[in-house]
Amino acid sequence: MAWSAAWLLRPRGGESAHLLPQGSRLVRLPSSSSDEDDHSPAGDTDLAAGEQDPALWCSGPPKLSPFSQCVRYLAFLWNLLFLLLGLLALAVGAWGLLAKGSLEGERLAPLGSDPMLLFVLVGLGASTVSLAGCLGALRSSPCLLRFFVGAVLTFAALEVLGGLLLVAARHRLRDAMRDTLLLCLLRYQEEPDLRFLVDEVQRSLRCCGLSSYRDWETNPYFNCSAPGVQACSVPASCCLDPWQNGTLANTQCAFGVLRLGDMAASTIVHLGGCVAQLSAWLHTQAGGIVAGAAVLVLVEATGVLMALRVLGDIMPIGAHG
């Protein structure tokens with residue numbers, strides 16, 4: 001019984017031991033505070049402090065600075081602009097294909113050479129990439145921002161590669177241009193957009209045909225053996241004066257020109273071809289073409305830098321995505 005009473009009176013926590021009378025003897029009861037401290041893990045104190053500090057376990061996303069917010073909204077507006085331009089190009093290309101019936105079953109074969117298809121592809125690519133940039137900047141999505149940066153860098157690499165190939169194969173560029181113009185000449189009456197392009201080139205550069213005005217004999221509608229009023233003729237855009245009374249377009253100004261000699265034809269149409277004229281024009285516009293390419297690269301670099309800044313704000317260094 002004496003030992004039981006002594007056990008019940010045993011000190012707890014960090015209290016010091018007391019001397020209790022036990023019959024004729026004094027019994028010193030050991031303190032258990034040191035044993036408990038020795039067996040407790042060292043991280044209990046840190047865990048308790050962490051539980052008491054809400055900032056350690058209830059911290060939210062880092063607050064963006066005003067400059068970071070400005071870059072974020074600027075990136076959104078930047079990509080929104082190119083999204084609208086891409087949708088516009090896509091709409092123009094789709095309208096051109098539908099207006100000419102190029103999407104019908106019997107017209108799918110020449111679809112690959114249709115210039116409206118270029119508008120569709122460029123518009124689709126630009127709108128897709130710009131949409132990813134818009135949503136990535138607006139929703140702070142690392143996945144969309146990474147896709148945007150990767151796509152723009154891929155396009156920039158393809159543009160640089162294409163420029164290097166053009167410089168390396170500049171001597172063959174004349175032959176490629178000639179083949180393109182020949183295709184336009186052969187399909188002049190079948191494709192309204194090609195007809196518009198050829199007329200603009202011949203009217204602006206004051207030329208006719210590829211090498212000379214007689215190249216139009218290869219067109220089945222202008223050949224002298226073809227039926228119709230256009231036989232042995234050339235387009236009105238070849239005429240020296242394609243206007244009637246200075247206001248109305250004279251579509252019959254070049255009728256029957258191929259039946260005349262060069263001397264008589266020179267008083268009605270331009271005799272020189274467009275390949276040499278176009279080559280000379282491209283040579284004089286080389287500086288403008290290089291400047292345009294540099295502006296395009298600068299625009300792409302600006303979009304990439306803004307996307308990387310937004311990505312760095314929402315994904316700090318050392319964070320795991």
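How much space lies in the second largest pocket? About 460 Å³, in a predicted model where local features need pLDDT of at least 70, side-chain atom pairs count only at pLDDT 80 or more, and totals for chains, interfaces and linings use all residues. Residues are numbered from 1 along each chain as its sequence is written, and side-chain values use heavy atoms, with hydrogens and water left out.

**Second largest pocket**

Select F82, A126, F155, L296 and E300, the closest to the centre among the 18 residues that line this pocket. A pocket is an open set of points on a 1 Å grid over the protein atoms alone, with protein on both sides within 12 Å along at least five of seven lines; lining residues have an atom within 4 Å of a point. Volume is the space filled by probe spheres set on the points, which are joined across faces, edges and corners.

Next, colour helix 5 (66–100), helix 6 (116–139), helix 7 and helix 12, which each give two or more residues to the lining. Helices are DSSP runs (H or I, at least four residues), numbered from the N terminus. Helix 6 supplies the largest share, 6 residues.

**Largest pocket**

Move to L166, V167, L173, I289 and V290, which lie nearest the centre of the largest pocket among its 21 lining residues. The space here is about 790 Å³. Helix 12 (286–314) is one of the elements with at least two residues in this lining, and its 8 residues are the largest share. The lining divides into 13 nonpolar, 5 polar and 3 charged residues; Ala, Val, Leu, Ile, Met, Phe, Trp, Tyr, Cys and Pro count as nonpolar, Asp, Glu, Lys and Arg as charged, and the others, Gly among them, as polar.

**Helix 8 against helix 11**

Show R174, M177, R178 and L181 of helix 8 with V275, A276, L278, S279 and L282 of helix 11, which they meet (contact: heavy atoms within 4.5 Å). By class, this contact has 6 nonpolar, 1 polar and 2 charged residues.

**Largest cavity**

Finish with L181, C184, L185, V198, V201, Q202, G209, L210, W216 and C274, which line the largest cavity. A cavity is a set of grid points where a 1.4 Å probe fits but cannot get out. About 70 Å³ of space lies in this one, and the structure holds 1 cavity of 30 Å³ or more. Its lining has 8 nonpolar, 2 polar and no charged residues.
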